[in-house]
Amino acid sequence: MRKAIYCVPVPQRSITQKESRRGKSQTTMLRFAVTLFAVIMSSTCQKFGCLEGSTHKLKPSPEPNMRECTLYSKSSCCYADFTVQLARSPVIKISNSYWNRCGQLSKPCEDFMKKIECFYRCSPYAARWIHPSYTAAIRSVPLCQNFCDDWYEACKDDSTCVRNWLTDWERDRSGENHCNNECILYSEMYRNGTDMCQSMWGKSFKSSKESSSSSSSSSSSSSSSSSSSSSSEERACRKKLLKFEKLKGEEEEHTR
């Protein structure tokens with residue numbers, strides 16, 4: 001004869017006052033962690049915000065009709081009509097700055113120049129490296145060493161008459177740039193990729209050495225078009241934002 005199986009309700013263990021305080025303490029600590037992470041993020045990786053240049057938006061937004069820099073079409077700090085200037089090849093000038101004062105740039109060199117211009121004008125992550133005293137500028141953005149080397153290789157046989165493209169031009173009354181020195185090869189103006197990265201845009205960029213695995217992946221992106229490749233720094237920034245959003249979600253779950 002089979003024994004009857006009785007389902008006896010097990011009384012729930014009551015939560016002690018000590019455990020209640022412990023739960024509140026854990027929630028408080030999690031909230032503090034989220035707040036601290038948010039403070040750190042606000043100073044190193046801005047989710048919403050753009051540089052304060054003449055062509056920048058106040059806040060990034062979608063631009064589905066971009067002609068160039070399409071990497072940023074879902075969240076762009078520049079307007080689509082700005083990219084018309086970059087979509088032409090050869091590029092003659094951007095705003096009031098001519099690129100051809102020493103002759104037209106070669107296509108490989110021009111492509112790298114477009115990458116830099118797209119990042120500065122359109123990237124929603126550029127403000128992570130906003131200049132502390134000049135909010136239209138960036139400072140010390142880390143560029144992968146192999147990107148700098150590839151950029152140098154692409155431009156070394158082209159010519160330029162200034163070392164710093166931000167400050168060394170002679171500007172006329174309309175703001176257009178002119179040479180004040182003779183044109184020489186990039187390979188004569190800059191010693192190598194590091195020198196070029198850390199001089200051509202003043203203090204805007206710095207070369208950053210990475211592991212071979214990172215270099216190999218970014219090498220393929222550095223040779224692709226400016227519209228379809230992203231920097232390792234931007235990918236890292238996006239990961240931080242996702243981590244912040246995950247922490248925030250956990251904090252909300254604990255406070256329900």
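The structure holds seven aromatic pairs, where rings of Phe, Tyr and Trp (its six-membered ring) pair if their centres lie within 6.5 Å; planes under 30 degrees apart count as stacked, over 60 as edge-to-face and the rest as tilted. It also holds seven disulfides, a disulfide being a pair of cysteine sulfur atoms within 2.5 Å. This is a predicted model, in which local features need pLDDT of at least 70 and side-chain atom pairs count only at pLDDT 80 or more, while totals for chains, interfaces and linings use all residues. Residues are numbered from 1 along each chain as its sequence is written, and side-chain values use heavy atoms, with hydrogens and water left out.

**Aromatic rings**

- A pair of aromatic rings is described by the distance of the centres and the angle of the planes.
- The rings of Trp-165 and Trp-169 form an edge-to-face pair, because their planes stand at 80°, with the centres 5.4 Å apart.
- Trp-165 is buried at a relative accessible area of 12%, and Trp-169 counts as buried at 9%; buried means under 20% relative accessible area, exposed over 50%, and partly exposed in between (1.4 Å probe, protein chains only).
- Phe-112, Phe-147 and Trp-151 are linked into a cluster by ring pairs.

**Charges over rings**

- The charged end of Lys-115 sits over the ring of Phe-112, 5.6 Å from its centre; a charge sits over a ring if NZ of Lys or CZ of Arg is within 6 Å of the ring centre and within 35 degrees of the ring normal.
- Arg-101 lies over the face of Tyr-98, at 4.1 Å from the ring centre.

**Helix H4**

- Helix H4 spans residues 145–155; helices (H or I, at least four residues) and strands (E, at least two) are DSSP runs, numbered from the N terminus.
- This helix is mostly covered, with eight of its 11 residues buried.

**Disulfides**

- Cys-50 and Cys-77 are joined by a disulfide with an S to S distance of 2.0 Å.
- The pair links distant parts of the chain, 27 residues apart, with Cys-50 and Cys-77 both in the loop between helix H1 (17–44) and helix H2 (84–87).
- The link of Cys-50 and Cys-77 is left-handed, with -85° about the S-S bond.
- Cys-50 is buried at 9% relative accessibility, and Cys-77 is buried at 1%.
- A second disulfide joins Cys-69 to Cys-118, with the sulfur atoms 1.9 Å apart.
- Cys-69 lies in the loop between H1 and H2 and Cys-118 in helix H3 (residues 107–122), so this pair ties together parts that are 49 residues apart in sequence.
- The link of Cys-69 and Cys-118 is left-handed, with -75° about the S-S bond, and both Cys-69 and Cys-118 are buried.
- Cys-78 and Cys-122 form a further disulfide, their sulfur atoms 2.0 Å apart.
- Because Cys-78 lies in the loop between H1 and H2 and Cys-122 in helix H3, the pair ties together parts 44 residues apart in sequence.
- The disulfide of Cys-78 and Cys-122 is right-handed, because the torsion about its S-S bond is about 90°.
- Cys-78 is buried, with a relative accessible area of 0%, and Cys-122 counts as buried at 0% relative accessibility.

- Cys-144 is buried, with a relative accessible area of 6%.
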